[in-house]
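Subject: Structure handover

Hello,

The sequence and structure you asked for are below. My notes on what was found follow directly after.

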Amino acid sequence: MHLMMILIALAVAWWLRSSWKEPQGSWSLRWRRSLFLFLFPPLLIFMTAIAVLFMGPQGNMGGMYSGSISYLLALIYLGIFAILCIKLAFQGWQSVESARNCPLVNLGDRRARLLQTEAMFAGQIGFWHPELVVSEGLLQTLSPNHLQSVLAHEQGHYQYRDTFWFFWLGWVRSCTAWLPNTEPLWQELLVLRELRADSYAALQVDPLVLAESLLLVVSSSPLSSEICCAALGSPNAGDRLEQRVEALLAPPEPTPEAQLHSWHGFMLAFLPLVTVIFHS
């Protein structure tokens, strides 16, 4: 019976991920749909594994005998989850330590770590309280107005704690790379993250100046890391560069706050835990 639960969870997860199509609609709609399809399948599998692990290797459920094979599979899967989390956390810690070794500089009312490279880079590096890191190449190349727009964009990443939340989303990506459309959904979430930070910055600086800064930074092949980092020129940003520039030049679209009802669908992923009460 436990093995049947695992197979059903895998089938549902595969079907949901396979249903993803090219994004359409408003920022809010795209964000809710992409986040649901990205998170719900692994959460369902994870909860199923937790339920099987909690019920133990022996017993019966619904009159059907439960063996140890499903218990072992669940244990292995959760173990892989834990190992990948520790690996990513260690890599993130290395990134943070590397940033902290850089000297501090004052950028008006902000302080930042100075990366000694000619490449153009500006990003938040860390977890819940990331640090702003900028490169010498960026400071030497951009005008004060362009630099201010870049800093406003990075403040948007800090405001929404993007480095923290995308660390966990990156963990989910690593754990479910074998599911269909994992990478397209990940790239969609990345570009939506950048659109949100762009929208935040556009309320403080001229959107046209921000668009020019984006073109300058991306065209210089900036340094970047996907782990605990949120940067103006994020990985594969060039693939969605036109989309971001068009969004900056178009009338601003409000960025909605998270609503409780938008998370109701995720509660279905916890249904496997209910089966524990039928186990004996």
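In this predicted model, strands β4 (residues 110-115) and β6 run parallel and are joined by three bridges. Strands here are DSSP runs of E with at least two residues, helices are runs of H or I with at least four, and both are numbered from the N terminus. Two strands count as paired if DSSP finds at least two bridges between them.

On β5 (residues 122-125), the pairing with β6 is antiparallel, over four bridges, and G123 stands opposite V133. β5 and β6 form a hairpin with five residues between them, and G126 in that turn has a positive phi of about 150 degrees.

Strand β6 (residues 131-135) is largely enclosed by the rest of the structure, because four of its five residues are buried. Buried means under 20% relative accessible area, exposed means over 50%, and partly exposed is in between (1.4 Å probe, protein chains only). Of the 280 residues of the protein, 47% count as buried.

The largest nonpolar core has 25 residues, and V134 and L138 have the most contacts inside it. Such a core is a set of buried Ala, Val, Leu, Ile, Met, Phe, Trp, Tyr and Cys residues joined through side-chain atoms within 4.5 Å. Elements giving two or more residues to this core include β4, β6, α5 (144-159) and α8 (207-219); α8 gives the most, with five. Leaving out residues up to four places away in sequence, V134 touches L107, A112, R113, L114, L115, F121, A122, L139 and L151, where contact means heavy atoms within 4.5 Å. A second, separate core of 23 residues includes W186, V191, L195 and F266.

Helices α5 and α8 pack at an angle of about 90 degrees, with their axes 9 Å apart. The axes are lines fitted to C-alpha atoms over the stretch in contact, and angles run from 0 to 180 degrees between N-to-C directions. The two helices are therefore roughly perpendicular, a term that covers 65 to 115 degrees. N145, H146, S149, V150 and H153 of α5 make the contact with V209, L210, E212 and S213 of α8.

Residues are numbered from 1 along each chain as its sequence is written. Local features need pLDDT of at least 70, side-chain atom pairs count only at pLDDT 80 or more, totals for chains, interfaces and linings use all residues, and side-chain values use heavy atoms, with hydrogens and water left out.

Regards

How values were computed: Angles under 35 degrees count as roughly parallel, over 145 as roughly antiparallel, 65 to 115 as roughly perpendicular and the rest as oblique.
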